[in-house]
Amino acid sequence: MTESKSFNRVSTVILTALVIVVILPILLIVIASFSAEDVLIRDGYTYFPAEWSLDSYYYMIKQGVVILRSYGISFLVTIGGTAISVLITTMLAYPMARKSFRGRNVLAFFVFFTMLFNGGIVPSYIMWTQIFHIKDTVWALMIPNYLVTAFNVILVRNYYQNSVPDSLIEAAQLDGASELKIFYKVMLPLSKPAVATIGLFTGITYWNDWTNGLYYINNEKLYSIQQLLMKIMDNIQALRSNSTASLLGTGAVELPGTSIRMAMAVIGILPILLIYPFVQKYLVKGVVVGAVKG
């Protein structure tokens with residue numbers, strides 16, 4: 001009993017320290033976003049800035065309409081892409097988990113093969129733009145690279161094998177249930193932790209993605225929030241280094257280049273911070289059970 005209490009106390013101290021280590025950088029980002037630009041340049045990042053400023057957020061507010069539109073694109077891509085990804089992943093993992101499916105080892109090989117080899121960026125770009133013609137469409141932000149990943153498929157397959165008893169499937173078959181009905185009525189309801197886990201992984205990936213936009217999107221109306229923030233940052237750097245302003249004797253344009261990076265980080269991470277607590281309880285169970293070799 002004493003050993004159990006000691007272990008709990010040590011664990012609490014260690015976990016508290018880890019939480020602090022995780023929270024402090026996020027807190028520093030938030031504080032830096034509210035710090036004056038010249039203070040950041042002079043003193044660097046600090047938890048106690050000498051001067052506070054809202055210049056970064058004022059600048060972001062001026063871009064409000066564009067930012068809201070990009071937020072809408074990011075939400076559409078994240079929600080739609082995650083839903084489609086979860087559906088395809090769970091359906092692909094289902095036959096791989098069924099021992100009665102003769103081709104499951106061959107299918108598993110092809111899925112695993114994609115974890116080791118791929119065609120590269122140039123062939124992928126040619127395929128998606130010249131054959132599927134998804135350039136400058138919302139599908140260009142959903143389909144390439146992230147729609148189905150081998151890691152998620154294998155994680156769900158292992159969860160099916162380790163958490164869903166074969167007796168339940170046999171009982172459903174005796175009741176005359178089809179494979180599709182078994183999948184929707186038996187496998188999915190019992191796989192909420194795995195579904196929530198891959199949903200969280202995929203959602204974060206879609207939300208943070210900017211490479212698909214960089215490769216396939218030229219239309220500014222289809223910019224995701226991450227791609228837009230990168231463009232805003234590039235524009236600020238261009239304005240700050242404007243040679244014309246220097247020639248006029250006014251110096252570089254006074255824009256919050258350093259602090260606005262922090263404001264962008266706050267804007268980018270906020271939705272994830274709001275959503276994560278609702279799926280966190282499934283995350284550990286889904287990863288641990290799904291990671292067990294099946």
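This is a predicted model: local features need pLDDT of at least 70, side-chain atom pairs count only at pLDDT 80 or more; totals for chains, interfaces and linings use all residues.
Residues are numbered from 1 along each chain as its sequence is written, and local features need pLDDT of at least 70, while side-chain atom pairs count only at pLDDT 80 or more and totals for chains, interfaces and linings use all residues. Side-chain values rest on heavy atoms, with hydrogens and water left out.

The largest pocket holds about 700 Å³ of space. A pocket here is an open set of points on a 1 Å grid over the protein atoms alone, with protein on both sides within 12 Å along at least five of seven lines, and lining residues have an atom within 4 Å of a point; its volume is the space filled by probe spheres set on the points, which are joined across faces, edges and corners. The lining comprises 25 residues, and T114, N118, N145, Y146 and V148 lie nearest the centre. Helices α5 (104-116), α6 (121-131), α8 (150-163) and α12 (211-216) each supply at least two lining residues; helices are DSSP runs of H or I with at least four residues, numbered from the N terminus. By class, the lining has 18 nonpolar, seven polar and no charged residues, where Ala, Val, Leu, Ile, Met, Phe, Trp, Tyr, Cys and Pro count as nonpolar, Asp, Glu, Lys and Arg as charged, and the others, Gly among them, as polar.

The second largest pocket contains about 300 Å³. Its lining has 16 residues, with T78, T82, G199, G203 and I275 closest to the centre. At least two residues each come from α4 (64-97), α11 (192-208) and α15 (257-291), and α11 provides the largest share, seven residues. Again no charged residue takes part: the lining has 12 nonpolar and four polar residues.

One cavity of 30 Å³ or more is found in the whole structure, a cavity being a set of points where a 1.4 Å probe fits but cannot get out.

Helix α1 gives the most, eight residues. I23 lies in α1 and counts as partly exposed because its relative accessibility is 46%, between the limits of under 20% for buried and over 50% for exposed.

How values were computed. Buried means under 20% relative accessible area, exposed over 50%, partly exposed in between (1.4 Å probe, protein chains only).
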